[in-house]
Amino acid sequence: MGKILIRGGQVIDPADQRDGPFDILIERGKIAQIQPAIAPNGATVIDATGTLVVPGLVDLHTHLREPGREDKETIATGSAAAARGGFTTICAMPNTTPPADHRGVVDLIHQAAQRCGIVSVHAVGSITKGRQGKELTDFGELFDAGCIALSDDGNPVADSFLMRRALEYAKVFGRPLIQHAEDPALSAGGVMHEGLVSTTLGLRGIPSEAESVLVARDLALAELTGGWVHVAHLSSGASVELIRQAKRRGVHVTCEVTPHHVALTHEAVGTFETRAKVNPPLRTEQDRLALVEGLRDGTIDCIATDHAPHTEWEKDADFDSAPFGISGLETALGVCVETLVKPGLLTWSQLIEKLSINPARIAGLECGTLGVGREADLTLIDPIAQWTVDSQRFASKGRNTPFAGRTLTSVVVRVLRHGVEVSR
Amino acid sequence: MAFATTDLTTQTARWTRKDLLGLRELSAEEIRGILQTAGSFREISLRPIKKVPVLRGKTVVNLFFEASTRTRTSFELAAKRLSADIVNIAPQHSSLSKGETVLDTVRNLEALKVDILVIRHAAAGVPHLIAQHATSSVINAGDGAHEHPTQALLDLFTIQEKKGRIEGLNVSIIGDIAHSRVARSNIWGLTKLGAHVTVCGPPTLIPPQIERLGHVAGGAGVAVTHDLSSAIHGADVLMLLRIQHERQEAMLIPSLREFRLRYGITRERLEAAKPDILIMHPGPVNRGVELDSSVADGPFSVILDQVTNGLAVRMAVLYLVSGAPKVDEEEG
């Protein structure tokens with residue numbers, strides 16, 4: 001592997017508080033130098049003029065569907081979609097068939113990801129066997145196999161006693177439990193946010209409190225046990241406020257929000273638009289603004305896609321029957337720039353922080369920053385170019401996006417993982 | 001045959017839609033147009049030979065994913081009286097029970113060159129989904145808790161017939177508003193035609209922000225009360241809804257007995273009502289729950305008129321969405 005010089009770009013590396021014009025020299029897949037001006041000396045030159053050079057993005061929350069539902073997505077197509085979206089590291093949620101509740105499935109995911117070699121894939125193991133919420137998995141085995149966290153995502157851990165024990169036991173490993181916060185008794189049968197739109201359409205609603213009730217419980221249990229809870233895909237303003245207060249008290253909690261919850265409200269459901277059916281549901285403008293504020297004041301640590309690919313025929317169904325989920329890897333950056341950076345709510349540096357170093361730290365990974373000696377995972381972004389979302393051109397098998405036809409700002413120009421270009 | 005062809009032509013001129021999916025998207029003008037068309041069809045069912053050739057050569061499919069007797073029969077008779085060919089597909093006969101998607105079922109029917117699909121489904125939005133993908137006309141015969149436009153149209157027709165107007169009337173809808181497609185369609189239809197709508201029921205059966213539904217310029221769409229006597233007081237029309245037994249299991253009401261005690265319409269409760277109040281119910285009635293027999297069969301009840309008018313309304317809707325030419329052209 002030769003030397004690569006990325007020349008003339010605006011380097012943004014929030015972890016290093018770097019934001020300015022730098023050249024980056026890559027040798028043997030690792031970052032060798034970051035200097036204002038580096039001479040090529042035989043290196044292959046990538047002209048980065050006019051682009052932002054940022055750490056390869058990190059997604060804490062990706063559904064790759066393999067093993068089990070390879071018609072929706074595979075590790076290969078999901079990896080390609082990640083690279084297309086500027087991500088070099090993704091974390092695969094365990095709700096596969098069979099679920100990642102033992103080493104065999106975790107190994108399979110890591111090996112398949114390595115074989116296709118596009119982005120780094122880290123498995124998230126499940127908290128309970130079969131994600132049934134009844135018996136704990138062998139945490140130690142799962143972490144030894146390389147899981148970066150555990151989660152029953154898709155299902156919440158509803159049993160308070162079991163959640164307490166899980167948080168307590170997981171402390172040995174210093175890794176978080178990722179909770180899909182939803183009280184199943186309050187959300188039962190619901191398909192969208194409970195409010196004016198659900199009332200108009202006659203659809204069963206899911207109140208915001210289905211989330212905040214469980215967030216409150218988990219914060220209490222994290223406080224009791226000293227364990228680390230990471231709350232996935234926040235959707236309600238009440239949850240943000242609970243976490244804000246808990247962080248002030250020193251509770252070990254981190255959390256994420258998705259681009260779609262930051263960009264859209266339940267109005268996106270319109271007249272039974274199943275592409276806007278997602279769990280947790282899109283909520284009110286007030287909730288959306290509270291999520292933005294949570295990102296701004298640091299209550300919300302990171303942005304995660306909750307990339308949830310589904311087939312077209314499954315989404316071409318009535319709203320009750322259509323599966324929950326949005327294919328998000330390829331629109332995440334553009335949606336965030338459009339919603340957060342362009343209106344001046346976050347700076348580019350703050351956005352990149354939420355999309356790289358912060359999720360990397362939560363995952364306990366070395367990536368997400370551009371320090372000398374680190375793996376050369378980086379993404380080049382044209383920050384002003386615009387593009388129109390055409391889901392038929394996604395690398396993901398999942399074309400289920402409510403952003404189809406939207407014009408977004410910022411284009412991923414190149415993605416390098418371990419010094420190798422993976423974006424085209 | 002004496003048939004008001006000229007009336008029909010003027011009405012169709014106003015109707016430009018392929019489908020009838022709900023009353024929410026219709027203008028007051030379109031709703032009035034349907035009611036007028038229904039008026040001109042009403043007389044056909046009173047003739048010795050109850051048939052006109054308006055839809056001759058058209059194929060109507062009653063695609064009922066959810067069991068229904070009265071609505072299906074009403075549509076079937078309406079189609080037959082207009083000389084359409086009609087096919088009934090019931091849940092136990094449909095390949096949906098074999099795991100076929102709704103759209104695949106519809107694609108197969110369309111391959112058989114049908115003209116109008118009448119859809120009933122337990123899930124809200126199915127007629128919309130089908131209408132988006134089908135070239136045939138779609139009529140919503142009730143989708144989940146969303147809309148039941150022909151029921152509301154026949155209710156409007158009945159009120160118009162009995163009261164001579166809809167504008168300015170006080171209409172109270174009582175019972176399980178949350179799960180009622182009839183309530184939603186009536187809220188849209190009544191408010192668009194200028195009635196004042198109050199919904200009444202226990203808080204568990206009133207969906208959030210229902211007061212913002214309906215079409216009223218510069219004010220709240222509908223009023224909400226949990227007190228039955230205030231819903232009856234001053235009302236010109238009481239619309240009762242069927243209370244489902246499952247609501248008890250879902251802890252929405254403690255018991256049907258408790259519901260009757262607080263929200264059931266009895267003769268005693270009606271003593272405080274206007275002397276010319278109308279009692280309506282989309283059926284089937286739970287006698288002794290939402291409505292006592294003495295009221296259901298009493299002088300204020302127009303429940304069977306609703307059924308009769310349903311036929312005329314459905315004939316009108318079939319006719320309008322079919323875009324059929326006027327009768328004399330058809331007959332040459």
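This is a predicted model: local features need pLDDT of at least 70, side-chain atom pairs count only at pLDDT 80 or more; totals for chains, interfaces and linings use all residues.
View 1. The domain assignment divides chain B into domain 1, which is made up of 5–147 + 308–325, and domain 2, which covers 149–306. Taken over C-alpha atoms, the centres of domain 1 and domain 2 of chain B are separated by 25 Å. Where the two meet, domain 1 of chain B contributes 24 residues to the contact and domain 2 of chain B contributes 23 residues.

**View 2. The side of domain 1 of chain B that touches domain 2 of chain B.** Two or more residues of this side are given by each of helix 2 (28–41), strand 4 (137–143) and helix 12 (303–322) of chain B, and helix 12 of chain B provides the largest share, with 6 residues. By residue class, this side of domain 1 of chain B consists of 11 nonpolar, 8 polar and 5 charged residues.

**View 3. An open sheet of chain B.** The sheet is built from 5 strands in the order 7-6-5-8-9, with parallel pairing, and its edges are strand 7 (223–225) and strand 9 (278–280) of chain B, each of which pairs on one side only. From one strand to the next, the twist averages 20°.

**View 4. Strand 5 and strand 8 of chain B, with helix 7 of chain B.** Strand 5 (residues 170–174) and strand 8 (residues 237–240) of chain B run parallel and are joined by 4 bridges; B:Ile174 has B:Leu240, in strand 8 of chain B, as its bridge partner. Helix 7 (residues 181–192) of chain B lies across strand 5, strand 6 (196–200) and strand 8 of chain B, and runs at about 160° to strand 6 of chain B.

Terms used: Residues are numbered from 1 along each chain as its sequence is written. Chains are lettered from A and ligands numbered from 1 in the order in which they are written. Domain bounds come from an automatic or database domain assignment. Two residues are in contact if their C-beta atoms, placed from the backbone, lie within 7 Å. Ala, Val, Leu, Ile, Met, Phe, Trp, Tyr, Cys and Pro count as nonpolar, Asp, Glu, Lys and Arg as charged, and the others, Gly among them, as polar. Two strands pair if DSSP finds at least two bridges between them. Axes are lines fitted to C-alpha atoms, for helices over the stretch in contact, and angles run from 0 to 180 degrees between N-to-C directions.
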